[in-house]
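Student: I would like to go through this model term by term. For each label, please set the value against its cut-off.

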Amino acid sequence: MYRTKQLLTGSNLFDIMNTILLSLLLVFTLYPFLNVIALSLNDATDSMKGGIYLLPRKFTLFNYQDLIRDSHIWHAGMISLLRTVIAVVSGVFLTAMVAYTISRKDYVLRSFITMAYVFTMYIDGGLIPTYFLIRDVGLVNNFAVYVLPGIVTAFNLLVIRTYIHSLPESLNESAKIDGAGDFRIFVQIIFPLCMPVLATIALFIAVSQWNAWFDTFLYASNNSNLSTLQYELMKILQSANQQVTGTMEQALQDASAGQTEHAVTPGSIRATMTVVSSLPIILVYPFLQRYFVKGLTLGGVKG
């Protein structure tokens, strides 16, 4: 009885400490984003006084109205959305196809192709050779530069291949007995059974594509029609850092003159842009979250 009571006491203590630590982690994780939301919903000139934490002090939607009035932002958002959707659909399907191929024991080149992909995880050509390669194949100032270079990555390939290894081999054998070919087996049997890990990989690709801006800077900065939302955010952040002094002086002059109704500052636009660019991923994640743990666990440990 004493032993049982001691174990229960230790278990309760662990639960209490675990709850406290996770609660603190939640606060530290959520506070920066909640603070950015509060700043985006607060009057820009009023935000310069400081003291904005979790709730806006002087609520306004003008920051968002000022942002969405810019047609270039809408176009950049559509480019980001388009590259994300195309990269997710093509990347997931083609990566799964290659993973199924190298998972087949009767494929003689599976070890060579697997090692070739693993090699790319440790050895990289570097920024300058990569740029020359992209330029020579004609992808500079081309929308395809957002999709083709990273359409099949080594990490995603290995995760999906490991998941396929956990599936019963009898599925392939019975399908072949019924006369199904390799492509039909992949599309009608393997692909549907891999939905948990494919949803996980889709989330990885979507977050990577939506948040990418450096490839736009390198390969498409001269073409405004290919500018992405994150690249526009980066330019706004740079502009805010360079012009913050003059903008603050102008905002203070407007405040002293009573002209603060439609004032904006680099800080307010920066916060608003951050919320707008983060919102799509936040909305998509709950739909894929139920697959996330299962897909990553089974894809990371060979069954």
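Tutor: Start with the elements: the chain has 13 helices and zero strands, where helices are DSSP runs of H or I with at least four residues, strands are runs of E with at least two, and both are numbered from the N terminus. This is a predicted model, in which local features need pLDDT of at least 70, side-chain atom pairs count only at pLDDT 80 or more, and totals for chains, interfaces and linings use all residues. Residues are numbered from 1 along each chain as its sequence is written, and side-chain values use heavy atoms, with hydrogens and water left out.

Student: What makes Arg-104 and Asp-106 a salt bridge?

Tutor: A salt bridge needs a side-chain nitrogen of Lys or Arg within 4 Å of a carboxyl oxygen of Asp or Glu. The closest N and O atoms of Arg-104 and Asp-106 are 2.8 Å apart, so the pair qualifies.

Student: Why does Arg-104 count as buried, and why is Asp-106 called exposed?

Tutor: Buried means under 20% relative accessible area, exposed means over 50%, and partly exposed is in between, with a 1.4 Å probe and protein chains only. Arg-104 has 10% relative accessibility and is therefore buried. Asp-106 has 52% and is therefore exposed.

Student: How do you know that Lys-176 forms a salt bridge with Asp-106?

Tutor: Their closest N and O atoms are 3.8 Å apart, so the distance meets the cut-off. Lys-176 lies in helix 8 (residues 170-177) and Asp-106 in the loop between helix 4 (71-103) and helix 5 (110-122), so the pair ties together parts 70 residues apart in sequence. Lys-176 is partly exposed because its relative accessible area is 38%. Arg-104, Asp-106, Lys-176 and Asp-182 are linked in a network of salt bridges. The structure holds six salt bridges.

Student: Why is Arg-135 called partly exposed?

Tutor: Arg-135 has 44% relative accessibility, so the value falls in the class between buried and exposed. The side chain of Arg-135 meets that of Asp-136 in a salt bridge, 3.4 Å from N to O. Asp-136, at 58%, counts as exposed.

Student: What makes a set of residues a nonpolar core?

Tutor: The members are buried Ala, Val, Leu, Ile, Met, Phe, Trp, Tyr and Cys residues joined through side-chain atoms within 4.5 Å. The largest such core has 26 residues, and those touching the most other members are Val-92, Ile-160, Ile-164, Ile-190, Cys-194, Val-197 and Leu-198. At least two residues of this core come from each of helix 4, helix 7 (154-165), helix 9 (182-193) and helix 10 (195-211). Helix 4 gives the most, with seven residues. A second, separate core of eleven residues includes Tyr-146, Val-147, Ala-220 and Leu-226.
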